[in-house]
Amino acid sequence: MKKLVFFLLAVTLLSGCGQSYEEAKRERHQTRVRLAKEDSAALKIAVLPTLDCLPLYVAQELGLYDTTLVDVRLKPFTAQMDCDTALMGTTAEGAVTDLVRMERLVKQGARMHYVAQTGAYWQLFTNQNARIHQLKHLEDKMVAMTRYSVTDMLTDKAVDSAKVKSEFVFRIQVNDIDVRMQMLENNVMDALWLPEPQATEARLAHHPVLLDSRRLGMNYGVLAFNQKKMRSYDRRVQLDAFVKGYDAACDTINKLGIGHFRDLAARYCKVDASVIDSLPKNITFLHARGPLQQDIEKVNAWLKK
């Protein structure tokens, strides 16, 4: 009799545990579905650990978006190519990238809406221990860049200005910014392109700058949105609210200075705070506006080559 009682108690307990497990499983599924719906409805933007993304980081941290109209979610990557994949896939509606990459996608049939020109610039570095002091020394050397991007176009400009035969400068595709920094530090690449704040980090380590994109009058950093994903009324409302928050962040940074956000910038860009302190003092952030038509024409002329 006692054995029967214990058996019935065990069956009851196991049955209770089974119900609890099923309930927990159902709740987890419902939570996943809810979060997926929220993420799908949110305005998602692919970003990089670079200074041109600072207005997005500041707007997010300070709550400058009207959250009743837009839920902005930043999707971090370390390579432009991954941002583009997110932009063309299901991960993001917008991306911080460059005009060359976007216009190439346009040529392939995509439709892009340029919300902002970010003011990003790139510098060409070589390791301080390398015997490369001028652009003409790039002959028979390797340059890390991303194909069909602004760094590819800049490499052409560097080769042309040095009057070096293009086939004697070897372009090595290295998309990841962190990997490029490691290559520079370990002297495993002859030359490579870096944006800010990684460029400042390299200068602080006394690595020589061979070329600065600003000297060439090239300002090709952009914040672009995939038009196909932005056709609905709700998305347009979100975009308007996003632009207001973005502009407010630019005004706040320009007023308080980048140094005011040194810890935030260092965290998102994955550099030491001293690097942020050493950034050029004349960096400003402009309100959201698309690139100049003349810049688009220059990019397309290069892409046709």
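## Rings, charges and a sheet

Guide: In this predicted model, Arg104 lies over the face of Tyr148, at 3.8 Å from the ring centre.

Visitor: What makes Arg214 count as a charge over the ring of Tyr121?

Guide: The charged end of Arg214 is 3.6 Å from the centre of the Tyr121 ring, and since the limit for such a placement is within 6 Å of the ring centre, together with a position within 35 degrees of the ring normal, Arg214 is listed as sitting over that ring.

Visitor: How many aromatic pairs are there by the rule for rings?

Guide: The count comes to four aromatic pairs, and one of them joins Phe225 and Phe242, with 5.8 Å from centre to centre and 65° between the planes.

Visitor: How do you know whether Phe242 is buried or exposed?

Guide: Buried means under 20% relative accessible area, and because the value for Phe242 is 0%, Phe242 is buried; Phe225, at 0% relative accessibility, also counts as buried.

Visitor: Why is the pair of Phe242 and Tyr246 called tilted?

Guide: Planes under 30 degrees apart would be stacked and planes over 60 would be edge-to-face, whereas Phe242 and Tyr246 have 40° between their planes, with centres 5.9 Å apart, and therefore this pair falls among the rest, which are called tilted. Both residues lie in helix H8, four residues apart, about one turn of the helix, and Tyr246 is buried with a relative accessible area of 2%. Tyr65, Phe225, Phe242 and Tyr246 form one aromatic cluster.

Visitor: What makes E7 and E9 the edge strands of the five-stranded sheet?

Guide: The open sheet has the order E7-E6-E8-E5-E9, with mixed pairing, and strand E7 (169-173) and strand E9 (209-212) are its edges because each pairs on one side only.

Visitor: How do you know that strand E6 and E7 pair?

Guide: At least two bridges are needed for a pairing, and strand E6 (residues 141-145) and E7 have five, in the parallel sense, so the two strands pair.

Notes:
Residues numbered from 1 in each chain as written. Predicted model: local features only at pLDDT ≥ 70, side-chain atom pairs only at ≥ 80, totals over all residues. Heavy atoms only, no water. Phe/Tyr/Trp six-rings, centres within 6.5 Å; stacked < 30°, edge-to-face > 60°. Buried < 20%, exposed > 50% of the residue type's maximum accessible area, 1.4 Å probe, protein only.
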